[in-house]
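Visitor: I'm new here and would like a quick tour. Could you walk me through it?

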Amino acid sequence: MRLLFASSEIFPLAKTGGLADVAGSLPIALHASKLDVRLLMPAYPGVAEKSAARPVGNLGDPFGLGSTVILEGHLPGTDLPLWLIDNPNLYDRDGGPYLNGDGHNWPDNDMRFGLLSWVAARLGQTNSPLGWVPDILHLQDWQTGLASAYLNAWGGQRPGLVFTIHNMAYQGVFPADLVPRLGLPWSFYTPDGFEFWNQLSYLKAGLIYSDKLTTVSPTYAREIQTADYGFGMEGVLTARSRDLSGILNGADYAIWDPAKDSYLTRRYGPADVRAGKAANKAALQKDLGLPESPDAPLLVAITRLSDQKGMDLLLSAMPAVIAQGAQLALVGTGERALEDAFVALARSRPDHVAVRIGYSEDLAHRLQAAADFVLMPSRFEPCGLTQIYALRYGTLPIVHRTGGLADTIVDATYDTMLVGRATGLVFDQPTVSAFQWCIERAIGLYRHPEQMARIQATGMRQDFGWQRAADHYINLYRAIRPGTA
């Protein structure tokens, strides 16, 4: 089976969040299951060099924004073929995949990801200029959603189309006058097509015109069919519920495993978790300027700084956390007001709080190894990978019961601890009081090392490897592969 996997970011070439981790790991598991997988993404600065890519085809100038060349290389560290969309006018610029250096959306994101979608569709046609035709085109999030619309508009034989929703809050909504500029038919601009409140929605295009829809956890698949989580698209998703699956994301244990993690001060496994975490905690406290106190519970957050992630709840809970002697180490970037608030908190309480604005893969690994608890008070969370990684590192997640957090973490209650199922601490309502009480429960647990150790051991035994998810996707692909019925 030939699979073209299209994404706006792929680890380790470009990463802003969990989408990149999925796009950098799931295809490897699919390839291990004997699928012929090709990856597709934009040629952001430096990506061609990192993947040793060379030109293999020219797609002309579909939008009048300069010649579009396809480069072929490999995903670093693998033999997976990688196709890059080289259009310097759209992709060769300093900044991130979506935001400029000032933290604002690129003003031409409509065309940048319109082109990504167009190329994905063009390479999915039977007369693909690269001479390799996929059986399945797997699209990731709104940045690729128009590909399904293009293939349906163009007609003729096409691959089976799978569209994965990573976060319903991001919908790629742009002015309607883009429809002809993107080469799409006005007949698709209807409430039954990709029109959404008098605008063009790339996400809705993927939802309407793909054969199968997936999202990244079973609970989130149910949640997005409700008004609370559907962001205006719950009706579309309910209508397509038979075609919607929730497939839980996995973890790449080749990267996220404390026994072989090259970022750590000391590597460790289940047999020496206490000593290993103590060594990493001491090193991290020293490097971040926190008091080197082994008795202080270390809470960490590795996150986008936004209300969705519940970071305002964390700010409000911090006085009580500090009063109990805990420390907080945070790495993340996001809303400027939250960045400023956390920086100010760290300056006012350097004895308890350390903050690093930005994202560092190195620091993310070191935080997981050093921490006693990782904080994820998200108001909604499609899947979450941080809590899955934390389990392997013997770090207890403190999470709101939503989406993938509900699917992966078992609350440490009397009953679950008695039978050895507890893996973290869970609260039910996204309020400051509920979150604060959950943190206080965690700190109380920290004062009982034997109970803490049993929960750590249970968490470290959990297996969220990608092969399980890959098997689910392969079954889905088979159901819609052209020529099957």
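Visitor: Let's start with a pairing. Which residue in S10 is the bridge partner of proline 175?
Guide: Keep in mind that this is a predicted model. S8 covers residues 173-175, and S8 pairs with strand S10 (residues 199-201) in the antiparallel sense over three bridges. The S10 residue that partners proline 175 is glutamine 199.

Visitor: And which strands stand at the edges of that open sheet of three strands?
Guide: The order is S8-S10-S9, with antiparallel pairing. An edge strand has a single partner strand, so one side of it is left without a neighbour in the sheet. That describes strand S8 (173-175) and strand S9 (195-196).

Visitor: Which helix packs on the sheet, touching S8, S9 and S10?
Guide: Look at residues 202-209. The direction of this helix makes about 60° with that of S10. You've found helix H7.

Visitor: There's also an open sheet of nine strands; which ones are at its edges?
Guide: The pairing is mixed here, and the order reads S3-S4-S5-S2-S1-S6-S7-S11-S12. Neighbouring strands of this sheet are turned by 25° against each other on average, ignoring direction. Each edge strand has a single partner strand, so one of its sides lacks a neighbour in the sheet: these are strand S3 (54-58) and strand S12 (244-246).

Visitor: Which residue in S12 is the bridge partner of threonine 214?
Guide: Strand S11 (residues 212-215) and S12 run parallel, joined by three bridges. In S12, the partner of threonine 214 is serine 245.

Visitor: What angle does helix H5 make with S6?
Guide: Helix H5 (residues 146-154) packs on the sheet and touches S6 and strand S7 (160-165). The buried residues of H5 include Leu146, Tyr150 and Leu151, and the buried set packs against H4, S6, S7, S10 and H7. The direction of H5 makes an angle with that of S6 of about 145°.

Visitor: What comes just after H5 with a positive phi?
Guide: Step just past the end of H5 and check the backbone there. The phi is about 75°, and the residue is glycine 155.

Visitor: One last stop: is valine 419 buried or exposed?
Guide: Valine 419 sits in the loop between helix H16 (414-418) and strand S18 (425-427). Together with Tyr414 and Leu418, Val419 forms a nonpolar surface patch with about 390 Å² of accessible area. Exposed means over 50% relative accessible area, and valine 419 has 57%, so this residue is exposed.

Terms used. Residues numbered from 1 in each chain as written. Predicted model: local features only at pLDDT ≥ 70, side-chain atom pairs only at ≥ 80, totals over all residues. Heavy atoms only, no water. Patch = residues over 30% accessible without salt bridge, like charges linked within 9 Å, V, L, I, M, F, W, Y side chains within 5 Å. Areas by Shrake-Rupley, 256 points an atom, 1.4 Å probe, with all protein chains shown as cover. Salt bridge = Lys/Arg side-chain N within 4 Å of Asp/Glu carboxyl O. Helix = DSSP H or I, 4+ residues; strand = E, 2+ residues; numbered from the N terminus. Buried < 20%, exposed > 50% of the residue type's maximum accessible area, 1.4 Å probe, protein only. Pairing = 2+ DSSP bridges. Contact = heavy atoms within 4.5 Å. Axes fitted to C-alpha atoms, helices over the stretch in contact; angles between N-to-C directions.
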